[in-house]
Amino acid sequence: MKQQLENIRTQALAELAAAATPADLEELRVKWLGKKGELTAVLKMMGKLTAEERPVMGQLANAVRAEIEQTLEARKTAIHSAVLEAKLASEAVDVTIPGNAVTLGHQHPMNMVLDQIKEIFVGLGYQVVDGPEVELASYNFTRLNIEEGHPSRDRSDTFYFTDDDSVLLRTQTSPMQIRFMENNKPPLCMLAPGRVFRKDEADATHSPMFHQIEGLVVDEHITMGDLKGALVAIMKKIYGEDSVMRFRPHHFPFTEPSCEMDMQCHKCHGTGEVDGAVCSTCHGEGWIELLGAGMVHPEVLRGCGIDPDKYSGFAFGMGLERMAMGRMRINDLRLIFDNDVRFLNQF
Ligand code: PHE
């Protein structure tokens, strides 16, 4: 019997040492320590021993059992940590591998110019406001002194929504003059940037949708001198102190007198020529048209409940794309709306 117990010990310990998985271990536990296991089978034969032999064998059997149990526990711990380690190794994340770069966009060049313009005007005390793109013809035309039958009211020039031509996509930001004067009394100082729409074919300098920035100042004693002073100061801030401007007489039904303002071409410096060829920026004109402006017509003031004998004002409307083209040296207006990232990434 002693030999049997020794054999059990040797064999069980060897098998436990070779076990590789928790399932192997469980199998061995049942095999060696289970109720129908080898050790139990030997213990069952204890009854056949003599009284002197029994305690000696009992002790030995207990020692063998204890040793197998201890070895089993030790193997369990070892296998468990081996399994865990293998799992950790297989699931490891290499945090040093470079990630996928996120491409960050940036502001659109036109909005960069718009923000810059707004900032300058806000610094001068202008209030920036927003208004509807779907507008009433009365605001877009009639109350701006543009009478029925005026060519700009033609269906070939304007997008109308209704058969009676009373609702349209605004063709200019000037209706914001009316909307602002209706709700605010002088002194007032307004800037209204926004989209406008005209039935134009798109080419290098035209688009059926573009942006204007409307300005309006009304107070006592406002003169054409204020208009010129304000616009020249603003343009110098945008285009640089050395930029040269000129005013030309013009006609708008809602301003009197009216003018347009040009900036001397920054490329040919007004000569219209670059290296003996026609300047591509101003097409040989020497000047680039920037805006329309004028003194607010007395009828327009009166229509908004402002007394033209007491108050006067000036208004201007500039094309934002034009401003951006000049500022950013863009030579085709359509590029501004194409949203080709190869173009946009240059700014
Ligand atoms: N609304 C005019 C245009 O679109 C520009 C303008 C605005 C002229 C304000 C005078 C005063 O051409």
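I will go through the domains, then the ligand site, and then a few backbone details.

A word on the basis first: this is a predicted model, in which local features need pLDDT of at least 70 and side-chain atom pairs count only at pLDDT 80 or more, while totals for chains, interfaces and linings use all residues. Residues are numbered from 1 along each chain as its sequence is written, and side-chain values use heavy atoms, with hydrogens and water left out.

The protein is assigned domain 1, residues 2-90, and domain 2, residues 109-344, with bounds that come from an automatic or database domain assignment. Between the C-alpha centres of domain 1 and domain 2 there are 96 Å.

Now to the ligand, which is surrounded by 14 residues, the closest being Gln 172, Ser 174, Arg 198, Gln 212 and Gly 317; a residue is near a molecule if one of its heavy atoms lies within 4 Å of it. What is the make-up of that shell in nonpolar, polar and charged residues? It divides into 5 nonpolar, 7 polar and 2 charged, where Ala, Val, Leu, Ile, Met, Phe, Trp, Tyr, Cys and Pro count as nonpolar, Asp, Glu, Lys and Arg as charged, and the others, Gly among them, as polar.

For polar contacts, meaning pairs of N or O atoms within 3.5 Å, Ser 174 places a polar side-chain atom 2.9 Å from a nitrogen atom of the ligand. Arg 198 has a polar side-chain atom 3.0 Å from a ligand oxygen atom, and for Gln 212 the distance to an oxygen atom of the ligand is 2.9 Å. The protein covers 90% of the 330 Å² of accessible area that the ligand has on its own, by the Shrake-Rupley method with a 1.4 Å probe.

Strands E5 (209-219), E10 (287-296) and E11 (312-319) each give two or more residues to this shell, and E11 gives the most, with 3 residues; strands here are DSSP runs of at least two residues, and helices of at least four, numbered from the N terminus.

Finally, the backbone. Most peptide bonds are trans, yet a cis bond joins Pro 186 and Pro 187, with omega about 0 degrees, and Pro 187 is found in the loop between helix H7 (175-183) and strand E4 (188-197). Another cis bond joins Glu 256 and Pro 257, with omega about -5 degrees, and Pro 257 is found in strand E7, residues 255-264.

Terms used:
Polar contact = N/O pair within 3.5 Å; in protein donor to acceptor, adjacent residues only side chain to side chain.
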